[in-house]
Structures are given as C-alpha cells and as structure tokens.
Amino acid sequence: MKDLGLKLALLVSLVSSMAVMVYTCQAGSNLHPLILIPGNGGNQLEARLTSKYKPSSLLCSRWYPFQRKKDGWFRLWFDPSVLLAPFTSCFAERMTLYYDPGLDDYQNAPGIETRVPHFGSTQSLLYLDPSLKRITGYMASLVESLENIGYVNEKTLFGAPYDFRYGLAPEDHPSHVGSKFLQDLKDLIESASTSNGGRPVILVSHSLGGLFALHLLNRNTPSWRRKFIKHFVSLSTPWGGTVDEMLTFASGNTLGVPLVDPLLVREEQRSSESNLWLMPNPKLFGRKTLLVITPNATYSANDIPQFLSDIGFEQGVHPFKTRVLGMMDQLIAPGVPITCVFGSGVKTVETLFYGNKGFDEQPEIVYGDGDGTVNMVSLMAHESLWSDVKNQTLKTIRIPGVSHTAILKDEGALEEIVREISGINSQLSLVENVISVE
C-alpha cells in the first residue's frame, strides 16, 4: 500500500509538472507583442565622418576615434573617451545639432552622418557601450525581466531606438528625423502585431520616449489605435518638462558623469532639439512660480524665451516660440489605456539661484519632490490633464524612493512593471488555454 501511495504521489507530481510546463508554453505564446521606446540618451548612436568634416582641432581630426568599422562608422554615443577632457570637445562638436531657419528644421553639423543601429531589436537598448556593461547598462535588467515571463527578442519583444537629439514639431512645421521615427515606429507596431497573430501591441516607454509614443498615438486614427494598441505603459515620462533642463541650458549638465566639465558640453546640450522640448511647460508649472532667480531677473516657465536670450542662447528663441510651444499645447489624451509608473520622494531640482558670477557658475539649488530628474507636477500631468476625458482609462503607480533611471533596474520597480504587463496579458485567456490543452 505504501508503494502504491508513493507511485500515485509521483504520478500526481509528474502530471502537475507537465501542467506547469504546458501553462508556461501557452503563456509565452499568448503574450501581446511589446515594444520598448527608450528615453533621452537611452540607446546607441553611430556616426561617420565625411570629407566635409572640419575638425575644430588636430585632436578631433578624422583619425579619431581609433576604433571604427571598415565602412567608417563608429559609436558616437556612448563613447567612454568623453570622460577625458581633451576628447570631450570632439564628442560635443560631433553631437551638436544646428537649427536652419531657412529649412525650419534641425540637422547634423557638416561632415557628420549619424544612424541608429539595430532598430526593431533590444540590442542597442541594453548597454550604451557593451564593453562597459557595469557602468552603461540601460534596459538590460528590464529586458531580462520580460524574458523571464516569456518574451523573446525580435519575436514578441522589440526595441525602437531613435536619434534622441531630435524632437518633434507641430504638423505644420517640418521635422524630418522625428517624423521619420514616428513612421518607423508605426511600421514596427503593425509588423509586430501581424507576426503575432494580429494581437495588438503593448508600448512601454521610458522618459522622453513617452512623449514620442503619445504623439504617435495622437497622430493616428481611433480605429488604428483600437486595432494595433493594447496598452501604453509609461515609465517616468516628463509630460510637462523639467526644471533640470533650465540648469542644462544655463550652465551645462554632466548628468552625473564624473570628470566632465559641464561648460564643455553646454553648447551641444543647448543644440539638442529634444532638450528644448523638455523645458518646463507653463500650463503645468504655472506662469508665476519662479524657477530661476538671479540678482537682476527672475524666470518662470512663462519666461523661457527671455531666459534663453539672457543666458546667451538667442538662436534658441525662435524655434522655441514657433515649434516647442506648439508641442507643449498638444498634450492630448492617448485614446488607449495608459498606466503611468514613476518614482517619487527623490530630491529633484525645483529652483535655481544664481549669484553675481552669472550662468557659467553652477547655481545653488532648492529641491522638491520628483524622481530626481522630473518634477512631480510633470510626472502627474496625466491625471491633471486627462482624468476627466471620456473613455480614457488611466492608472498611476508610484514607487517611493526610486529615481528616474533606477526604475529600469530596481528590483521592486521591475516587479511592479512586470506585474502590470502580466496583468495586461489577460490572465483569463491563459487559464482557458491550459484547460483546453488538458
């Protein structure tokens, strides 16, 4: 009798194990395809120098960097040589964009070609420099967590890297690079859905990627959204910009990278169209709340044009007035279910105080609530703007103590994100599939 009982127990255990294996297999096959859209600086960029390239110094001549592909392409971002002061200037001049008033659009410096590698794959989102995985990891932990629930790169899991220096403009203005990315993203969404049995796609964005995703949704019809989008999961999106961008434009910002002089990268950072897009939105930050205070002037979000002029960046005033302000007015509900996940309780730049030495000196800073990069009023803008929109499903998940980039790596944050994605993937249909197999 004992032997019979043992055999029955083993049989039950074997059947249970087989059921778990069948469930796992079925769960993987029923996942909605998922596309990751990175944030500013969140994927690799490559560059190539042409005969039109005119280096600013002998050090920046065409032989630098030493390592490049046979056809001349090399990794522009992230390049660890940026940490060395002599090469910081070379990096900055190659990353710099130029606004052409005649074209009303942004473009690279003469002699610089750029491209985004591995579109459609997660490969360029994992590490900004694969040879320095420990210090340049970006979405590697998130991708691993998604793979643990059955996602497979380029089958059910896709990446949408882009040239994050560029932004978007209102539809009556040209925006060649940004508009092409939206079209590429739309094509990727449709192909991902088609290759997965017509299942609609889950979009998961981080930071700036959330603004691109929002405008993609707003620029397509409700019928297209219903057919191709299952859910939009937004991680740390700066819906209304950040005060931190005012620091970047005024004095340069090393973004925590050691040994870099912020003034060496300030002009490059000012040239970025997407950085200008991320200035504080006056509709959210208010027209009277002072964000920058100097001995001679004060600036609110309503005073950005004057601020740009006073810091010596006159060339930014026209594109801000004609392009960026129009985008700030277009924070329209996405028309698909959205879950916004972000950190809170991390000290975040709220007010900048400059002394008599001007904007070349780093200011004194008063901090407020946010995720360390994005202010709470910007992170929460989806609730203030869209909570009363008919048929717009909103969900908010706050994760205390998690910073803007740590949300992609922190164990607790990853658990929350994966739990949300698993819930979106319809647990009921998974159970039904297991039962039908049994």
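Which residues form a disulfide, and how far apart are their sulfur atoms? Cys-60 and Cys-90 do, with sulfur atoms 2.0 Å apart; a disulfide here is a pair of cysteine sulfur atoms within 2.5 Å. This is a predicted model: local features need pLDDT of at least 70, side-chain atom pairs count only at pLDDT 80 or more, and totals for chains, interfaces and linings use all residues. Residues are numbered from 1 along each chain as its sequence is written, and side-chain values use heavy atoms, with hydrogens and water left out.

**Disulfide**
- The whole structure holds 1 disulfide.
- The pair links distant parts of the chain, 30 residues apart: Cys-60 sits in the loop between strand 2 (45-49) and strand 3 (74-77), Cys-90 in helix 2. Helices (H or I, at least four residues) and strands (E, at least two) are DSSP runs, numbered from the N terminus.
- The link of Cys-60 and Cys-90 is left-handed, at -85 degrees about the S-S bond.
- Cys-60 and Cys-90 are both buried, meaning under 20% relative accessible area (1.4 Å probe, protein chains only).

**Helix 10**
- Helix 10 (residues 262-271) is mostly covered, with 7 of its 10 residues buried.
- The cover over its buried residues includes helix 2 (85-95), strand 4 (97-100) and helix 11 (273-277).
- Asp-261 caps the N-terminal end of helix 10, placing a side-chain oxygen 3.0 Å from the backbone nitrogen of Leu-263.

**Thr-294**
- Thr-294 lies in the loop between strand 10 (292-293) and strand 11 (298-299).
- Thr-294 counts as buried because its relative accessibility is 15%.
- Beyond neighbours within four places in sequence, Thr-294 is in contact (heavy atoms within 4.5 Å) with Tyr-299, Tyr-354 and Phe-359.

Note on methods
Buried means under 20% relative accessible area, exposed over 50%, partly exposed in between (1.4 Å probe, protein chains only). A polar contact is a pair of N or O atoms within 3.5 Å; within protein, one must be able to donate a hydrogen and the other to accept it, and residues adjacent in sequence count only if both atoms are side-chain atoms.
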